[in-house]
Amino acid sequence: ASKMATGSSNSTSNADDLILYCFDTSFYSRKVCLALTVKGLPYQKRAVVCLPPFPENLEPWFLRMTPLGEVPVLVHNGKVVIDSTRIIDYLDSVFPDKGPRLAPPEDTDLGRRVRHFRDLLDELPVDLYTYGPFYHPELANGSKLPAPLRAARSINVSRVKRLHELAETHPDLKEAPDLSGGCVSVKTETSLRSFWMTLR
């Protein structure tokens, strides 16, 4: 799905210049959507389904943009920017005159402090504060794991296997860290398994 999103009516940027691939329930996707709105930058929003039965983030066209198959992804005049924090820094550097700064300059004391705490937040396991009650059911007042997440659990546990299969049918994807059997895939697999197996 694709639609136009606008943060401010007085922005002169061409909306065709900014395309955001995102998943609405993704914490990191919402983070970038908020940043674009604060900057007042119009953009094209393209939803990427990250849940079964047809997870688009594991499709070859998406993996060619981001080998890890993660949202959000920003495309600006053909330039691909991945990782929500990098996207936010990119918006500040490329659109300095649009809206307020999203983060203070890093060569200032305040900027260094903000960077420090942003780095700390980026290290936190996002699944814990997105799906915290599933790790601690005593806080959920007896609620059950939603059906979409039960289905997502099964596909995420085998995600690395799926990516290796894609590498066999699409040789150009073998350079991607998750497909080459490198340390990123091991880390990804371990993280996914520990999270989804906890939801049993």
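1. A word on terms before we start: two residues are in contact when they have heavy atoms within 4.5 Å of each other. Please also keep in mind that this is a predicted model.

2. With that in hand, take a look at Asp92, which sits in helix α3. Leaving out residues up to four places away in sequence, Asp92 touches Lys39, Pro100, Arg101, Leu102 and Ala103. The side chains of Asp92 and Lys39 are joined by a polar contact of 3.3 Å.

3. Is Asp92 buried or exposed? Its relative accessible area is 5%, and the cut-off for buried is under 20%, so Asp92 counts as buried.

4. Next, the helix pair. Two packed helices are described by the angle between their axes and the distance between the axes. Here, helix α1 (residues 27-39) packs with helix α3 (residues 84-94) at an angle of about 10 degrees, and their axes are 9 Å apart. Angles under 35 degrees count as roughly parallel, so α1 is roughly parallel to α3.

5. Which residues make that contact? From α1 they are Tyr28, Lys31, Val32, Ala35, Leu36 and Lys39; from α3 they are Ser84, Thr85, Ile87, Ile88, Leu91 and Asp92. Sorted by class, the contact of α1 with α3 has 7 nonpolar, 2 polar and 3 charged residues.

6. Val71 and Pro72 are joined by a cis peptide bond, with omega at about 5 degrees. Pro72 lies in the loop between α2 (60-63) and β4 (73-76).

7. Asn77 is worth a glance too: it is a residue other than glycine with a positive phi, near 50 degrees. You will find Asn77 in the loop between β4 and β5 (79-82). With a relative accessible area of 57%, Asn77 is exposed.

8. Asp83 likewise has a positive phi in a residue other than glycine, with a value near 80 degrees. Asp83 belongs to the loop between β5 and α3. How accessible is Asp83? Its relative accessibility is 37%, so Asp83 counts as partly exposed.

Technical notes
Residues numbered from 1 in each chain as written. Predicted model: local features only at pLDDT ≥ 70, side-chain atom pairs only at ≥ 80, totals over all residues. Heavy atoms only, no water. Axes fitted to C-alpha atoms, helices over the stretch in contact; angles between N-to-C directions. Helix = DSSP H or I, 4+ residues; strand = E, 2+ residues; numbered from the N terminus. Parallel < 35°, antiparallel > 145°, perpendicular 65-115°, else oblique. Nonpolar A, V, L, I, M, F, W, Y, C, P; charged D, E, K, R; others polar. Buried < 20%, exposed > 50% of the residue type's maximum accessible area, 1.4 Å probe, protein only. Polar contact = N/O pair within 3.5 Å; in protein donor to acceptor, adjacent residues only side chain to side chain.
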